[in-house]
Amino acid sequence: MPPTIIQDINQHNFHEVLRPTPFHPRVDHNCLTKNWMDWNGYLTARTYDTLAAEYFAIRSSCSVMDLTPMGKYRINGPDANKFLNRLVTRDVSMLRPQRVSYVVMCNDEGKVLDDATIFHLSEGDYRLCCQHHQLDWLMISSLGMDVSIEEETHDVAALAVQGPTSASALKLAGIDEIEQLKPYDILHTQLHGFEVMVSRTGYTGDLGYELWTSPDNALNLWDAIFEVKQKGFYDIRTIGLSALEMVRIEAGFILPGDDFNTAETAIRADRVRSPYEVGLGWVVNLDKPSFTGKRALLDEKKKPIKRRLLRLEVSGNKAPQDSFLYAGKGGKRIGTIMTQIWSPILKANLAMADVEFAGGSQPNDIWAEIYYQKELEWRVSWAKGKVWNKPFWTHPRRSASPPGSY
Amino acid sequence: MQSYDAIVIGAGHNGLVNATFLAKAGLKVLVVEKNDYIGGATVSRELHQDWKYSNCSYVCSLFRPEIYQALDLGRHGLEVVPLQGSVTFKQNGDYFGSYHQSPVRRREIERHSKRDADASIRFDADLMKWCRLIRSFLLTAPPDPGSLKIRNVMEFSYLLKKFHSLSESQIYEFIRFFTMSIAEYLEEYFESDVILAHFSGGSIIGTGLGVYSPGTAYVLLHHAMGDVDGNVGSWGFARGGMGAVSAAIASSFQAEDGKIRTDAEVDQILVKGGRAVGVALNGGEEIYANTIVSNLDAKRTFLKIMARNDLPENVVQRAENFKIRGSSGKVNIALDGLPNFPALPPRSPLTLGHIHFTDTLERLERAYDDWKDDSWSKDPYVDLVIPSQYDPTLAPPGKHMMSVFVQYCPVKPEGGWTDQKKDAFGASVINQISDYSPNFKDLLLHAEVRTPKEIEDEVGLTEGNIFQGELTLDQLMFNRPFPGYARYRGPVKGMYMCSSSTHPGGGVMGAPGTNSAREILADLKRRDTTPEDFGDD
């Protein structure tokens, strides 16, 4: 086995099932619903107050979300770039310092382990952020390379500040250079005397930023942002994971583990998915000399695709939760709704759907069988699905540089 | 002279399960038991006043829920309470605990190795793959690859289909898993010594093999493939001790008009004109039936209660060569109070489950070395539980019952067992516990020490082997107990086997008894009363 990683020999508190993040005093104060959930072992708010208000904070003004539970790994050393470039399917060899790239990691069979973002913090120093625990895989993948890998999930406090007025609000909070940031840029700056890293990244499909600092400064960072609200400039609201789920589906982002089984956790052999099957073919670069899973993906590319994770707009207003999908109304069963939301902006049911492609082609008539209840009485209805090859919803402010003031 | 449709020899849990399914099909069934109590190794006895021990088997997980439901064991008084947590104490004063809550469990692994916390996700998923595969073969007779009978061909193709559902790489991994040692297997996942030791314990329990012996990885699966209410790999306590399991099955059997005779040891299975016709008891009494089912292990069945000239020579030979090494002992203890383990923080839930004191693979292997030298382990591996923490029926209020399973203990130490040696074996266990629990010895009220000799003499398990035959690949599936006889039918017409010597093997599972009943009822052209596999998909 490779060398042992740092061990924390302090006895942990077994009475505390879910761990508080460094923002917890503020999170707890703001969370009126006390509707907690487990995100990566952390105590996380599902909603703070009212879901609709949280959703519109993201789409209409400014939202703040505690991002600390996101898995974070610090990667550096002479072979750091070589290591990362072999780890992921996309070519990140040219990723410049202070830039971020969205990537996907596969196992040797070309099945998706996770998606991730690589932050090139400064020359040769990287942070990898992903949804699932990947330390074991990173260590296995680093065999024979001169690279240091450390998990820093708990050592970096992070907030997502997203929404049309996020740039304006952060500027008022004291981040003067905020307007210089283009999408996927990174800025290292000072705020009230402590160091903050700002990246123009997010999971909302809107204008937005992610702010990273040490846990010691977490509450100062929080307070600096909310001071803008207290002064009456902009409404700023805390949002929970339920609101995030709505906007990420609108924006067409996938969620490994919810939209599909990740390869490491899959037990049944047919539950694993390739990047092509989850709509991430665009981050696979088969021209790259080598990367983990390349041979399998080259083989797969030659054959007709078996299934795809589709963005499906389902007609009507009945939520197609866990619905089966059929080729034609009452036809052959061809798939399942994985996740779905009602979009308040589009007034439509939006879903991620796992759909079989018979003969490699997309079924042209997809119907959902929807079970829904009215006053505890269950009913069934059928609704036609429409496939979106692009995100359900986009807005130019997401990528406008400099950002507008809105 | 009373006669029966079927006689089942041995009131262990499999015998009782088998008898109940036969009775449910309308057969007149008698179970004969040599002891004056039923249960075999699924037994609770009061050996110290007001204390009830689970004298042999002590936790429940493998018992198939299909059988539980079909025999209506809940209404016959059975409750299986899931146990929580487990702990391995380290020699340096620290410990590794496995908590019930997954975020807490994860952080505890992280405390020993951050990487191992992530590796455990891969490990759990991989183990589940093999569990899922193996579980689909538990409630079915093993397919016979040599037979061209339609049913056998269909069953064998089912096996191939199951394997086919694995991906190519999963098939490679599965073959490796079946043939590897547990130490090598776990070292592909974990780096922390205590975590390696903690997870490998289950793969040597009851087995005459060490953690570095090939084939032990499978034994881990055998202990992990059960579940309590869908939580695969979890274990539970039967309320009232393991005797409650056999008592509930017996009650279900009696509700079907089944008869049980205790103090009735079978001397021989009577064979006339090439078919089994009854049994002769030790006192000379003969009881007749057209179907005779042996719940004794394969060695006892063919070498002790059947006449050699009633059997084909190869069966005698196979039975003689059947691998059934005893390697485990048991110490059951009545305690005046709950022992204290100072290494644990106050109110720790970890003593509610399995407690171990072996923190490295090397110590596990050394314990095995002693056994190979015909000695009990000087530094034994123990699986200690205190079920009275949950179960008020086992000891008076405030008092406790402790069950300590001990690996390894030889069938016959050099010069044979004496009372002195038995005491010394018991002392090695008690001393190990008191190394970690200073008040333990002061709480001791009574202890029952069982070496493989006591287990053989009292329960009737040859050499005291708890699985009625080693769980190694050469003695599993269509090779259990031996080739040609894996489908529960004996070499003599009308004679059957239903013990843990048959597929799918040992543990309080009920599956051998059920599968055997299904085959018997098919031969008799009776209604199949056995349950269908719930299925994992």
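**Exercises on a predicted two-chain model**

For chain A, UniProt lists residues 36-288 as "domain: GCVT N-terminal" in an unreviewed entry; such annotations may be inferred rather than shown by experiment. This is a predicted model, in which local features need pLDDT of at least 70, side-chain atom pairs count only at pLDDT 80 or more, and totals for chains, interfaces and linings use all residues. Residues are numbered from 1 along each chain as its sequence is written, and chains are lettered from A.

**Exercise 1.** Describe the span of residues 36-288 of chain A.

*Solution.* Step 1: the end C-alpha atoms lie 43 Å apart. Step 2: the span is 22% helix and 30% strand, where helices (H or I, at least four residues) and strands (E, at least two) are DSSP runs.

**Exercise 2.** Characterise the contact of chain A with chain B.

*Solution.* Step 1: with contact defined as C-beta atoms, placed from the backbone, within 7 Å, chain A contributes 25 residues and chain B 30 residues. Step 2: on the chain A side, helix α4 (residues 135-141) gives the most, with 3 residues.

**Exercise 3.** Determine which residues of helix α14 (residues 419-436) of chain B are buried and which are exposed.

*Solution.* Step 1: a residue is buried if 20 or more other C-beta atoms lie within 10 Å of its own, and exposed if 12 or fewer. Step 2: the buried residues include F425(B), V429(B), I433(B) and Y436(B). Step 3: the buried residues of α14(B) fall within an arc of 140° (directions from the helix axis to the C-beta atoms), so they line one face of the helix. Step 4: on the other side, D419(B), Q420(B), N431(B) and D435(B) are exposed.

Definitions and conventions: Contact = placed C-beta atoms within 7 Å.
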